[in-house]
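Hello,

Here is the structure I promised to pass on. My notes follow below it.

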Amino acid sequence: IQAEARAANVALTLCREPSKLPDMPGLLILDLDLPGAIDAAATWQQAAPTRSTLGFYAHVNTDLATAAKSAGITRVMAKSTFFDTLPQLLRSHAATI
């Protein structure tokens, strides 16, 4: 993810603990398989509705996808789709900021 962000000239801040998400604008990309990720992302999103969240999950964990969508996560996709489309996702985000 870091290499793709550099290639797209997109600033990136890494946070490995969902409960410690930085309060900053932009796009939040998160691994929905991390414990607490959905709740933390939903809180982050609700604090500033103009923010965007993109969650990815192991394709076998469809319950996470359903929970993330219900929690208001902007975009949810299987991990394989996420990594296949990451360059386009970052370029698209960079074009909107």
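The side chain of R51 reaches the backbone oxygen of W44 at 2.7 Å. That is a polar contact: a pair of N or O atoms within 3.5 Å, where within protein one must be able to donate a hydrogen and the other to accept it, and residues adjacent in sequence count only if both atoms are side-chain atoms. R51 sits in the loop between α2 (37-47) and β2 (52-57). R51 counts as buried because its relative accessibility is 8%. The cut-offs are under 20% relative accessible area for buried, over 50% for exposed, and partly exposed in between (1.4 Å probe, protein chains only).

A word on the source. This is a predicted model, in which local features need pLDDT of at least 70 and side-chain atom pairs count only at pLDDT 80 or more, while totals for chains, interfaces and linings use all residues. Residues are numbered from 1 along each chain as its sequence is written, and side-chain values use heavy atoms, with hydrogens and water left out.

Next, the sheet. Three strands form an open sheet, in the order β1-β2-β3, with parallel pairing. β1 and β3 (75-78) stand at the edges with a single partner strand each, so one side of each has no neighbour in the sheet. Strands are DSSP runs of E, at least two residues; helices are runs of H or I, at least four; both are numbered from the N terminus. Two strands pair if DSSP finds at least two bridges between them. β2 and β3 pair over 4 bridges. Y57 has A78 in β3 as its bridge partner.

Now the charges. The count comes to 2 salt bridges, each a side-chain nitrogen of Lys or Arg within 4 Å of a carboxyl oxygen of Asp or Glu. D31 and K79 meet in one of them (3.9 Å, N to O). D31 lies in strand β1 and K79 in helix α4 (residues 79-96), so this pair ties together parts 48 residues apart in sequence. D33 and K79 also meet in a salt bridge (4.0 Å, N to O). D33 lies in the loop between β1 and α2, so its pairing with K79 in α4 ties together parts 46 residues apart in sequence. Shared partners join D31, D33 and K79 into one network. How accessible is K79, buried, exposed or partly exposed? K79 is partly exposed, at 29% relative accessible area. D33 is partly exposed too, at 30%.

Last, L14. This residue is in the loop between α1 (2-7) and β1 (27-31). L14 counts as partly exposed, at 46% relative accessibility.

Best wishes
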